[in-house]
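Below is a report on a protein complex, written to be read alongside its sequence and coordinates.

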Amino acid sequence: MSDEEILADACLTLEQLCAAASLERDWLIRHVEEGLIPVAGGAIAEWRFTTVHLARARRMREIERAYDAAPELAALVADMLEELDELRARLRRARG
Amino acid sequence: MEFKDYYQTLGVARDAPAEAIKKAYRRLARKYHPDVSKEADAEKRMKEVNEAYAVLSDSEKRAAYDQLGKGYRPGQDFRPPPDWDANMEFSERGFSGAEAAGFSDFFSQIFGRGHGMPGGMHGAFSDHHARILLDLEDAFTGAERQVSLQAPKVDAKGRVSLETRTLNVRIPKGIREGQIIRLAGQGAAAHGAKPGDLLLEVAFKPHARLHPHGRDLHLVLPVAPWEAALGAVVPVELPGGTLNVRIPAGAKPGRQLRIRGKGIPSDPPGDVYFEIRIVAPAADSPRAKELYEALRQETDFDPRKDWGREP
């Protein structure tokens with residue numbers, strides 16, 4: 001049995017998110033600073049990310065890579081996919 | 001080890017120009033995008049397509065692959081000539097070392113090496129991330145789970161292979177979707193560095209009736225017309241035990257009832273939301289038909305009375 005700890009909801013540091021999603025640090029900083037990955041303000045060391053950020057960052061990077069897409073376009077696609085996730089979840093709840 | 005025909009994966013000719021390869025990749029990336037694809041094996045296909053593209057989009061890797069792959073058929077047993085790569089260095093583009101570690105053995109045998117991590121990422125791969133799929137019931141009772149993880153391992157020759165490890169993880173009561181369990185010191189060991197943490201992202205397997213939303217549970221509660229009309233107390237089985245839900249008289253379909261504190265245990269605990277769905281009995285016997293007939297004659301119920309009043 002190993003030592004485990006449940007992290008609070010918004011908990012991952014920049015380094016942890018980069019490691020978890022195989023992202024480059026510079027890429028992530030650039031996207032946060034341009035507002036494409038929304039994070040509450042403050043210094044880089046204070047940024048905290050959730051699993052929603054993790055999914056978003058991965059999606060955006062994949063879209064940028066697959067289509068040589070501009071970051072703004074990848075963010076727009078990520079916005080729509082997040083809305084799709086939300087609607088699918090609501091549909092599952094409503095269907096019972 | 002099976003030989004992989006990357007040209008076949010992307011559906012392009014062996015002499016296809018770079019532009020055609022990119023076009024084929026984008027078409028397939030759209031077809032198998034795991035978020036939108038209707039194909040059953042989208043995720044697996046996407047991985048194959050990514051792997052094929054990682055090789056064929058890179059002129060160095062493509063040249064090496066073409067040279068090695070001469071005369072091989074897909075699925076045929078493949079053995080690279082000894083030390084064929086003694087003087088070859090592949091620069092990493094596009095796909096990170098960690099992603100490439102998820103590619104096939106065939107790929108890592110030829111191209112997989114420990115180098116090539118982008119600059120400024122010192123030690124970044126010493127952490128590791130995985131998803132753990134739990135039953136919703138685990139959130140109510142807590143549980144112990146064995147998790148099998150595949151982590152990239154770099155051998156003395158610098159080649160990357162996948163190593164499977166099994167870990168026992170204690171799932172605490174009150175766990176919610178999207179939470180992260182951190183296992184200190186259980187991450188992948190970076191070259192020479194001490195192992196980082198393992199981050200397990202929690203997700204629930206789909207449940208037939210119950211749909212978690214944060215700490216709350218949502219479910220549809222089917223009721224008989226008379227239960228909705230006259231009020232009733234309906235027992236509902238939940239992972240935390242049986243809940244007696246009071247349906248108020250005159251409950252309308254679609255109405256939501258909330259029972260506080262009976263969702264996922266936590267401080268504060270979540271709530272349970274019931275959406276009332278009225279289910280009418282079938283008129284499948286002479287007696288049932290009689291009862292419907294009586295209802296028709298003795299009430300002036302018009303389900304469409306609001307039609308025409310709408311703007």
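His207(B) sits in the loop that joins strand E5 (198-204) to strand E6 (211-213) of chain B, where helices (H or I, at least four residues) and strands (E, at least two) are DSSP runs numbered from the N terminus. With 15 other C-beta atoms within 10 Å, His207(B) is partly exposed; on this scale a residue is buried if 20 or more other C-beta atoms lie within 10 Å of its own, exposed if 12 or fewer, and partly exposed in between, with C-beta atoms placed from the backbone. Although 70 residues separate His207(B) from Glu137(B) in sequence, their C-alpha atoms are 9.6 Å apart in space.

The model is predicted, so that local features need pLDDT of at least 70 and side-chain atom pairs count only at pLDDT 80 or more, while totals for chains, interfaces and linings use all residues. Residues are numbered from 1 along each chain as its sequence is written, and chains are lettered from A and ligands numbered from 1 in the order in which they are written.

Chain A contains four helices and one strand, arranged along the sequence as β-α-α-α-α. Of its 96 residues, 31% count as buried. Two residues are in contact if their C-beta atoms, placed from the backbone, lie within 7 Å; among the contacts in chain A between residues at least 6 apart in sequence, 53% join residues at least 24 apart.

| Helix | Residues | Buried residues |
|---|---|---|
| H2(A) | 25-33 | Leu28(A), His31(A) and Val32(A) |
| H2(B) | 18-31 | Ile21(B), Ala24(B), Tyr25(B) and Leu28(B) |

In helix H2(A), Leu28(A), His31(A) and Val32(A) are buried, and they lie on the same side because they cover an arc of only 100 degrees around the axis, the arc being that of the directions from the helix axis to the C-beta atoms. Their cover includes helix H1 (14-21), helix H3 (51-67) and helix H4 (71-95) of chain A. Just after H2(A), Gly35(A) adopts a positive phi of about 80 degrees.

The buried residues of H2(B) are Ile21(B), Ala24(B), Tyr25(B) and Leu28(B), which also cover an arc of only 100 degrees and therefore share one side of the helix. An α-helix has 3.6 residues a turn, so residues three or four places apart point the same way. The buried residues of H2(B) pack against helix H1 (6-10) and helix H3 (42-56) of chain B, while the face turned away from them carries the exposed residues Glu19(B) and Arg30(B).

As for confidence, pLDDT is the predictor's confidence in each residue, from 0 to 100. Chain A averages 86, whereas the mean for chain B is 82. Over residues 113-126 of chain B pLDDT stays under 50. The predictor gives the complex an ipTM of 0.72 and a pTM of 0.69.

Technical notes:
Expected span 1.5 Å × (residues − 1).
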